[in-house]
Amino acid sequence: MSNAASGLPIGRGLLYLFIAGAAWGTAGAVAALAYEVSDLGPVALSFWRCASGLVLLTAVRLVRPRPLTAVREPFRRKALRAGATGLGLAVFQTGYFAAVESTGLAVATVVTLGAGPVFVALGARLTLGERLGRGGAVAVAGALAGLGVLTLGGGGSAVRPSGVLLGLVSAAGGSSMTLLTRRWGRDGGADAARTSVGVFAVTSVLLLPFALAEGLVPHTARPDLLLWLLAYLAAVPTALAYGLYFAGAAAVRSATVSVIMLLEPVGAAVLAVVLLGERLTMPTLAGTLLMLGAVTGLAVTEARGARRPAV
């Protein structure tokens, strides 16, 4: 039960994506806290996240032996892969943080993650020839319905058109990253650790001039808290999550990846209840269960499809 091109078993790829989605669910809340305790802007925050994550991923790459199954790619292809994926990551991450700052965590997360499966499904159909199938379409519909119910249970956040637009731009960047990762994974790409390092290097370089213009060094009355927030952002929803994401997304269908990543708003809801003391309303619970059911159903469909012998 493995993807022949990527070399990663489908089950392990799904597990990696589940962990990555759950870890990403904490990024928006951490960003919102960073905005509260400092004057850090979304581009600068995105740069520090990528640059710090790059340091951690490089350290892991240096101490971890190269897998024997890794494919040695020509430099031109590696540069193209890192450049295109790094650009998608820069748009996805910065657009999301800007949307959080503009229209709030709940609305930004719903718009970004809700539009993602639609963009990916269309892109996978047009560029990869992947079909959702009836079960996949039902799972996507269920996941989007869960997102809608989750929004209704969020307490009426103000919706700003600029924030919605930024969320859609972010979704487009994340969808392109998912599609490119899947496409190159099918062709037998390099190992995930090397891919992650290259992508984050490109993203950091792309963001640096804009971060300098915005203000790279933040002013804060709580430097200790801000440092802890940035350290967590670099380690968990960045170095860990993206390392697992690039490995899992190369082995699993693009539409499935996009729906599993809907675990992010579920994680945000759980975090709000457990750590921030927010009340778990019935709409919130219903939306969370709908999304978890959709993700589980799509994962089972993916695993069953991997077990069928190729014709």
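This dialogue walks through one predicted protein model, feature by feature.

Reader: Before we start, what kind of model is this, and how are the residues numbered?

Author: It is a predicted model, where local features need pLDDT of at least 70 and side-chain atom pairs count only at pLDDT 80 or more, while totals for chains, interfaces and linings use all residues. Residues are numbered from 1 along each chain as its sequence is written, and side-chain values use heavy atoms, with hydrogens and water left out.

Reader: How should I read the confidence, and where is it lowest and highest?

Author: The general idea is that pLDDT is the predictor's confidence in each residue, from 0 to 100. Here the protein averages 76, and 65% of the residues score at least 70. Confidence is lowest in helix 12 (residues 282–307), with a mean of 64, and highest in helix 3 (residues 42–63), with 89.

Reader: How many helices and strands are there?

Author: Helices (H or I, at least four residues) and strands (E, at least two) are DSSP runs, numbered from the N terminus. This protein has 12 helices and zero strands. Along the sequence the pattern is α-α-α-α-α-α-α-α-α-α-α-α.

Reader: What share of the residues is buried?

Author: Buried means under 20% relative accessible area and exposed over 50%, with partly exposed in between (1.4 Å probe, protein chains only). Of the 311 residues, 51% count as buried.

Reader: Which residues make the nonpolar surface patch?

Author: Patches are made of residues with over 30% relative accessible area and no salt bridge; like charges are joined within 9 Å, and nonpolar side chains (Val, Leu, Ile, Met, Phe, Trp, Tyr) within 5 Å. The areas come from the Shrake-Rupley method with a 1.4 Å probe, and for residues only the protein chains shown count as cover. In this model, Leu 87, Val 91, Leu 165, Val 169 and Leu 206 make a patch of about 390 Å². Helix 4 (75–103) and helix 7 (161–186) are the elements that give two or more residues to that patch. Val 169, for instance, lies in helix 7 and counts as partly exposed because its relative accessibility is 39%.

Reader: Now the aromatic rings: how many pairs does the structure hold?

Author: Rings of Phe, Tyr and Trp (its six-membered ring) pair if their centres lie within 6.5 Å; planes under 30 degrees apart count as stacked, over 60 as edge-to-face and the rest as tilted. The structure holds seven such pairs. Take Tyr 242 and Tyr 245: their ring centres are 6.3 Å apart and their planes stand at 80°, so this pair is edge-to-face. Both tyrosines are buried.

Reader: Why are Tyr 242 and Tyr 245 separated by about one helical turn?

Author: Because they are three residues apart in helix 9 (residues 223–249).

Reader: What about salt bridges: which residues form one?

Author: A salt bridge is a side-chain nitrogen of Lys or Arg within 4 Å of a carboxyl oxygen of Asp or Glu. The structure holds one. Arg 222 forms it with Asp 224, and their closest N and O atoms are 3.7 Å apart. Arg 222 is partly exposed at a relative accessible area of 42%, and Asp 224 is partly exposed at 45%.

Reader: Which backbone atom does the side chain of Ser 102 reach?

Author: The general idea first: a polar contact is a pair of N or O atoms within 3.5 Å; within protein, one must be able to donate a hydrogen and the other to accept it, and residues adjacent in sequence count only if both atoms are side-chain atoms. The side chain of Ser 102 reaches the backbone nitrogen of Gly 163 at 3.3 Å. Ser 102 lies in helix 4 and is buried, with a relative accessible area of 17%. There is also Ser 204, in helix 8 (residues 192–214), where a polar side-chain atom lies 2.8 Å from the backbone oxygen of Phe 200. Ser 204 is buried, at 8%.
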